[in-house]
Amino acid sequence: MSELLARHRAVMPNWLALNYNDPIEIVSGKGNRVIDADGKSYLDFFAGILTNMIGYDIPEVREAVERQLATGVVHTSTVYLLRGQIELAEKIARLSGIPDAKVFFTNSGTEANETALLLATYARRSDQVLAMRQSYHGRSFGAISVTSNRSWKNNSLSPLNVHFLHGADRHLTQFKGLSDADYIRACVDDLRHVLATSVSNDVAALIAEPIQGVGGFTMAPDGLFAAYKEVLDEQGILFISDEVQTGWGRTGSAFFGIENHGVTPDMITFAKGLGNGFAVGGIVARGDLMDAPHAVGLSTFGGNPISMAAANATLDYVLDHNLQANAARTGEIIIGGLKAAAERLPVVQDVRGKGLMFAVELQSPAQAARFMELTKQAGLLAGKGGLYGTAIRMAPPLTLTVDEATEGLGIIVTALETIDAEAAAQ
């Protein structure tokens, strides 16, 4: 055990997970690569859990932060006007497509989801919330209650009355073999049945990830949430799209993941990639919902000048360089290559994803762990996830080049070939 690892274990909680048998310390980064304390270079296909959205040491972001630091003002709180906060809110409101939108900034996706749940339950005067099976929405008390993954739930206590829906669980026996259209019909039937049997009147909201992050990048077929929203609208139930991982063009086919379903939600929550490593989260919602609560509220560090400088520069970079199109282009190389390889590798149970958000489902958690070690040795960083711990999830920076996409694909396929051969030999 390294000296640093021993120190970590002495003072950090046991549930603070570390990747790899021998965890690494990342000490520098440039572009889409990082270097560990031993000088080994890695192509980063996990981006700080989808947070270093445009890579490392980006001059536009660094210089924006340095300009703000040079003013001497790192923090003032939201009781004063914050130009950067207002400018970023204007951009996000416009991009969201939500009518009369207003924006509130937090420090994380967990806080953003808590805010959305507060707004929804306040507006509807109800503690009843719908969420998706296999979902993950954060680690706080309220966010855990709408999380549907046992590995991430510490207790059954909840401030909300939650009912979970189908939509990303096509591996279940009753759904296997169904077409997208038939699966959507089955899910909508189930939603109507839940509303008829499991709740009283005035459900507050449905909260859903267009692509489930911790769930292993499982996703509903395009159009499901449009079908769900038709039912929700009949009863005035609000729709919250959790875009903490799917936002800012990552799916390639849409700027926000929910757009793949042809839906404009009542609220969108965001975080992670927007600050390219600086802590920023938030919610964009209809103005009437955002303005409704009667009590005074603020977020001490939400919208602070440093994170706003970084986020404005990051969002401008994404838009100016059309990184949504780049995600579509490079993601097609990788996902197409993985699907082709899967045809000859029985160990691969599924390949799924959109743009630069893709996953490989293996047969066992041990194989997923083996993949992590093999790709680490080969100089690529990935992540694990999935309801059963069998999914490898990857989401490189949106600045990934075609050459890097091809390089990463080669490393991934080689690791899968090794695991497949090992499984065949057993």
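With which residue does the side chain of S241 form a polar contact, and at what distance?

Modeller: The model is a predicted one, in which local features need pLDDT of at least 70 and side-chain atom pairs count only at pLDDT 80 or more, while totals for chains, interfaces and linings use all residues. Numbering starts from 1 along each chain as its sequence is written, and side-chain values rest on heavy atoms, with hydrogens and water left out.

The side chain of S241 is joined to that of E243 by a polar contact of 2.8 Å. Such a contact is a pair of N or O atoms within 3.5 Å; within protein, one atom must be able to donate a hydrogen and the other to accept it, and residues adjacent in sequence count only if both atoms are side-chain atoms. S241 belongs to strand β8, residues 238–242; helices (H or I, at least four residues) and strands (E, at least two) are DSSP runs numbered from the N terminus. S241 counts as buried because its relative accessibility is 0%; buried means under 20% relative accessible area, exposed over 50%, and partly exposed in between, with a 1.4 Å probe and protein chains only. Leaving aside residues up to four places away in sequence, S241 touches A208, P210, I258, P265, M267, I268 and T269, contact being heavy atoms within 4.5 Å.

Turning to the charged pairs, the structure holds 19 salt bridges, each defined as a side-chain nitrogen of Lys or Arg within 4 Å of a carboxyl oxygen of Asp or Glu. One of them pairs R7 with E3 at 3.2 Å, N to O. These two residues lie four apart in helix α1 (residues 3–11), about one turn of the helix, and E3 is exposed because its relative accessible area is 53%. In helix α8 (residues 224–235), K229 and D233 are also four residues apart, about one turn, and their side chains meet in a salt bridge of 3.1 Å, N to O. K229 is buried at 16% relative accessible area, whereas D233 is partly exposed at 45%. A network of salt bridges links K30, D57, R62 and E66.

K91 and D316 form a further salt bridge, at 3.0 Å, N to O. This pair links distant parts of the chain, with K91 in helix α4 and D316 in helix α10, 225 residues apart. K91 counts as buried at 18% relative accessibility, while D316 is partly exposed, with a relative accessible area of 28%.

The axes of α4 (residues 83–96) and α10 (residues 305–320) come within 9 Å and cross at roughly 35°; axes are lines fitted to C-alpha atoms, for helices over the stretch in contact, with angles from 0 to 180 degrees between N-to-C directions. On the α4 side, G84, Q85, E87, L88, K91, I92 and L95 take part, meeting M308, A311, N312, L315, D316 and L319 of α10. By class, this contact has seven nonpolar, three polar and three charged residues.

Definitions and conventions: Nonpolar A, V, L, I, M, F, W, Y, C, P; charged D, E, K, R; others polar.
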